[in-house]
Amino acid sequence: MVYKGPSKGCHSCRKRRVKCDEKRPHCGNCVKRKQQCPGYRDFFDAVHKDETFLTSHKSAPKRQKKVHSPASDSSDSSLSLLSAPSPNYVDRALDIALFTTPSRNIEMESLGYFFTNYVNIPRDPSTNIFIEHILPIYLNTAPNSALAEAINAVAINITSMWMSRYVDSYRAREAYAKAVTILKSLLQDPVESKTDETLATVFMLDFYDSLNRRFVHFVDTGTHQQGAVALLKHRGRDGFKTPLSQRLFNAMRSRHINYSLQFGKRVALDPELLTCDTAVLPSAKLDLLNVELADLLVLARDGPELAGLSLADFYRVILDRALALEKRLQAWMDALPKSWRPVSIPASELHPSIRDAGVYEGMCDVYSSLAVSHVNNAARSSQIGTIRLITVCANGLKDLGLAVDPEVEPYIDRQIQELVDRFCASVPFHLGNRTRPAFPDEHREYPQIPAELRRLANYVDPFGNEVEMTMEDHVRAAAAIGGWFIMVPLAGFLRARAMGISKTPPGPLVGKLRKGQAAWVRGQMERIQKIYLFPTNGSPTEHDWKCILKQFCDAHGTGHNLFQPLSFNQRMWTT
């Protein structure tokens, strides 16, 4: 009998081993038997299975007659054959592996998705976001290390967020639990506790918790933040000598400072870790200014009684410190290198879909990268924090019948409008024309980054090698993290009461904005929520963007309740 290749018949005929006429969609045998035809197997799969078999046989050596000899029967000879396979055997194994269909590996797919869309993006070397430095450390760690498991947990969480719109799956939790178990033993080791890998593990676990805080209302007690601070103190300033460890230190310090700002806490780092000579990059210099802002916000929140001051003196102290800090923040902004400054793009040059999705008053600013835009907006958010304190204290002194420098109010009015305008102008750069959930690899329209600005940035890859930044790179990164970068500062512009005094009016800066601007900002916040499917049920652990806007729901005559719940199926996040 001549073999003519794999059978192409339907599954029923192949199982019964009868000839199939291969008619479609139903073969003749199944029609005669009055049964549903199960269909045909995939031809591509059949051919590859057959090629595997044929290739393995073609590459096999010719069978030779067995010759018995004392040497061939000895155990030493068999051991040598096992320990040193022949070249033909190796080639045949490679041929078989080449045509074998790989099994679905969720972990590997998630890692590829995570590194492609979140890590392996050309960056400006003067930025310092922690995740930018993960890949080199990951490639040098053991497969079952704490860092590898922590990255697996984050990767699975993020991939699940995009693919199935669900986070904190059992696979992610399993990897997270393994990472925590291994980390505990590392922290007991006096050497391992001071390694970059251990610090990176703590950061990735904190990153995992931050995802759950926004999506499944995980109550973050700051455990990993406290652990990171303890590690920074444990290693001390002299424990970060290499360029990579210095970048990790700056990134982890920045994360802790911003965490303290967001949750109203004092920065819990030793003074030696906050000296000016530890801040070389623009983002690190901004972090040191934010340390002062965090302390000032805590002082303002606690009120005059805890400070041991009268109300008038309390207002003066906060006002003077806030004015000085605001000027230093503005000086930081003025000293930025040219590659960090925004370039305005006329609305007429934008794709119509971008204008339809959301461009405020025709304003659109682009930056050399999302990270640069993110740091610029973070600085503006810090300026807003100081201006809010200045406004509250100035109004408080006026209510007490005390004089305030007449130049303060007009300066604040100009400054607040300019800051909010520039922030609104960055929204198209982060969101493009997106108005609904979309994968990072889907085509979307974004404002073009001028070639001259890209040339100034001197982009590098995760290993520090010079690379070019393409618009495809920006589109992929913006789809993945653009909304995340812009979400917190956007909400921060409209934050409620800043002083620990019951009579302080909330949102003192809202009335200084151009009419309709607050409503536009609120619309962009809803847009981000829809793009990333952030759940909204008003729980205390939810991000504060809706609670912020509740305070002034009808302040600008928009005619609708800004705190009205969005039409979103919350059940998909709690199933």
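**Two crossing helices**

Guide: The axes of helix H7 (residues 106-119) and H9 cross at roughly 80 degrees and come within 8 Å. This is a predicted model, in which local features need pLDDT of at least 70, side-chain atom pairs count only at pLDDT 80 or more, and totals for chains, interfaces and linings use all residues. Residues are numbered from 1 along each chain as its sequence is written, and side-chain values use heavy atoms, with hydrogens and water left out.

Visitor: Why is H7 called roughly perpendicular to H9?

Guide: Angles of 65 to 115 degrees count as roughly perpendicular. The crossing is at roughly 80 degrees, which makes H7 roughly perpendicular to H9.

Visitor: What makes Ala-155 buried?

Guide: Buried means under 20% relative accessible area (1.4 Å probe, protein chains only). Ala-155 has 0% relative accessibility, so the residue counts as buried. Ala-155 is found in helix H9 (residues 146-163).

Visitor: Which residues does Ala-155 contact, leaving aside neighbours within four places in sequence?

Guide: Contact means heavy atoms within 4.5 Å. On that basis Ala-155 touches Ser-110, Leu-111 and Phe-114.

Visitor: What is the mean pLDDT of the chain?

Guide: pLDDT is the predictor's confidence in each residue, from 0 to 100. The chain has a mean of 77, with 75% of its residues at 70 or more. Over residues 42-103 the pLDDT is below 50. Where pLDDT is low, the predicted coordinates should not be read in detail.

Note on methods:
Helices (H or I, at least four residues) and strands (E, at least two) are DSSP runs, numbered from the N terminus. Buried means under 20% relative accessible area, exposed over 50%, partly exposed in between (1.4 Å probe, protein chains only). Axes are lines fitted to C-alpha atoms, for helices over the stretch in contact, and angles run from 0 to 180 degrees between N-to-C directions. Angles under 35 degrees count as roughly parallel, over 145 as roughly antiparallel, 65 to 115 as roughly perpendicular and the rest as oblique.
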